[in-house]
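Subject: Structure handover and notes

Hello,

Here is the structure I said I would pass on. My notes on it follow below.

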Amino acid sequence: MKRNNIIKSILLTSTLVLGVSCTNLDEQVLDGVVISNTGGGTVNTASLLTSAYEGLRGFETQGQMFALDEMSSDALVGPTRGGDWDDNATWRQIHVHTWAPDHNEVRNAWNSLLTQVYNCNLVIENGSGSEVTQARFLRAFYYYNVIDLFGQVPYREAGSKLTEDPKVWSRAEATEFVISELEAIVSSLPARTVDDASTANADAAHFLLAKLYLNKGVFTAADAAGPYTFDPADMTKVVSHVDAISSSLSEDYWDNFKPANNTSPEILFSAKNVQGGAGGGIQYHWRMGMHYNQTPDGWNGFAIVSEYYNKFNPNDRRIKNADSDIITNFGNPVGMQIGQMYKPGGLVALKDRNGNPLVYTPAVTLITSGATLETAGIRMEKYIPDAANLGTPNNDFVFMRYSDALLMKAEAILRGGSGSIGTIMTDIAARSGQAASPATLDGVYLERGKELWLEGWRRNDMVRFGTFLAARELKPYVSDNKYVLFPIPADALFNANLTQNPGY
């Protein structure tokens, strides 16, 4: 009975989230689910907009979009540790590119993104003023992620019946729609609020437009696996949108990830978390890899692939923040952790649950056992834990940063766009205590990997640079071209207008 209820729930969710819409480009009528189709009554657009914002917290967990974006790349691995972390091979399948249309995190990501598109559509249909503008921005952001991960994008035309299957945009069509939406609203969005980037704003829209134009050659390619052609005109658009952003780099890299990171001038868009109150899953970003005996205590799961760690100088501040208050509170540097771990204060060595020294080693296998069960793999903390509340911390979750925008500008210029790279590479490297990467495409790719580790962009970067399918540590083979996109979840194919992505 429980299984039947679960299946019914999945089918209902799939029907709901596929009831998404597009906006008529002449702006006369906003389509979607109209009140007459819902049986009349008042639609609480303020509540729905709040739900659409809260949906952003789906990106904070260890699964869904985060897992698809990072664990599918060369950066992160989720090894099975004895009887822990197997989850029917969920994490291993993502890392080694053997997922299928019934993969639970693929389905969860699809449903999560399109559920929020549905909420945005209800606001757009029934709201007014800034509520509608904000909802259009959020819908564009959610659609961007569907385009990037899945290619096809379902939508519903104005006045269509909910009993009819939604229509489906191709990847190129959806890209053009989202670009047109953002360009239509960017001038109506407010300036970013000082000390709070959690509301839709003009800087965030310019950032997302830059991201779309940078990836347009990928999203409109005849074959999702390439080759890709980057139009110089699109690359110049990237430059112009980055130049339109009013921001600056924070003095310290970790200003972007500390508990009071809302004060960083560099954060362009975030999900707001309140210490001891409303919040998402930021704690995942220090618990998913750390050992049970550490502070904060963790779940001894995910690890950084050593091949990725080796791209860094071990003293790069971006992966080794040993400030005195961090050592006092937690015992170990924040960033990527390797070697002997310590109790708070940094003087007393920690042991694992068998009484052996807790020493993290670079070597990790997809299935670990024996003496290395609790120590294999480099661990990671992207956010500085909030010592005042480790469970519901004050750190806002970061979606868009100005350093990313600057690196997009440098890449776009190197791909034929007009403009000058100037001191972008040296400015970004300076606060890490490292020499700048060269102002070449290879240099930009290297610097993006260092600057933006575990921020949800690695898969996207690897696809654009043509490295995503290549053999690498723990995946010693070239992946089939089909894996450049995730499959349409099996449940979603009840919509007859959707077709499975090639190869699945």
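In which loop does His 97 lie? His 97 is in the loop between α4 and α5 (104–126), where helices (H or I, at least four residues) and strands (E, at least two) are DSSP runs, numbered from the N terminus.

Some ground rules before the rest. This is a predicted model, in which local features need pLDDT of at least 70 and side-chain atom pairs count only at pLDDT 80 or more, while totals for chains, interfaces and linings use all residues. Residues are numbered from 1 along each chain as its sequence is written, and side-chain values use heavy atoms, with hydrogens and water left out.

Backbone exceptions

Most residues other than glycine have a negative phi, and most peptide bonds are trans. His 97 has a positive phi of about 60° and is not a glycine. His 97 counts as buried because its relative accessibility is 2%; buried means under 20% relative accessible area, exposed over 50%, and partly exposed in between (1.4 Å probe, protein chains only). Asn 88, also not a glycine, has a positive phi of about 60°. Asn 88 sits in the loop between β2 (80–81) and α4 (90–96), and with a relative accessible area of 71% it is exposed.

- Gly 226 to Pro 227 is cis, with omega near 10°; Pro 227 lies in the loop between α8 and α9 (232–243).
- Thr 295 to Pro 296 is cis, with omega about -5°; Pro 296 lies in the loop between α10 (284–287) and β6 (303–304).

The chain as a whole

The chain has 16 helices and 13 strands. Its C-alpha trace spans about 65 × 60 × 45 Å along the principal axes. For 504 residues, a compact globule would have a radius of gyration near 23 Å, and the chain agrees with this at 22 Å. That radius is taken over C-alpha atoms, and the globule rule is 2.2 Å times the number of residues to the power 0.38.

Of the 504 residues, 57% are buried. The chain exposes about 18400 Å², of which carbon and sulfur atoms supply 52%; accessible areas come from the Shrake-Rupley method with a 1.4 Å probe, and for residues only the protein chains shown count as cover. Taking contacts (heavy atoms within 4.5 Å) between residues at least 6 apart in sequence, 70% join residues at least 24 apart.

There are 41 positive and 55 negative side chains, and the centres of the two sets lie 4 Å apart. Here Lys and Arg count as positive and Asp and Glu as negative, with His and the chain ends not counted; the place of a charge is NZ of Lys, CZ of Arg, CG of Asp or CD of Glu.

Helix α16

Helix α16 (residues 458–465) is mostly covered, with eight of its eight residues buried. Among them are the charged residues Arg 458, Arg 459, Asp 461 and Arg 464. The cover over the buried residues of α16 includes α3 (64–71), α6 (129–150), α8 (202–219), α11 (306–309), α13 (402–414) and α15 (441–451). After α16 comes Gly 466, with a positive phi near 75°.

Strands

Strand β13 (residues 397–401) is mostly covered too: five of its five residues are buried. It pairs with strand β5 (residues 267–271) in the antiparallel sense over four bridges, two strands being paired if DSSP finds at least two bridges between them. Phe 397 in β13 is the bridge partner of Ala 271.

An open sheet of three strands runs in the order β7-β8-β12, with antiparallel pairing. Its edge strands are β7 (320–321) and β12 (379–380), each of which pairs on one side only. β7 pairs with strand β8 (residues 334–337) over two bridges, in the antiparallel sense, and Asn 321 has Val 334 of β8 as its bridge partner.

Lys 343

Lys 343 is in the loop between β9 (339–340) and β10 (359–360). At 41% relative accessibility, Lys 343 counts as partly exposed. Leaving out residues up to four places away in sequence, Lys 343 touches Phe 330, Gly 331, Val 348 and Leu 350. Lys 343 and Ile 327 are 16 residues apart in sequence, and their C-alpha atoms are 8.8 Å apart in space.

Regards
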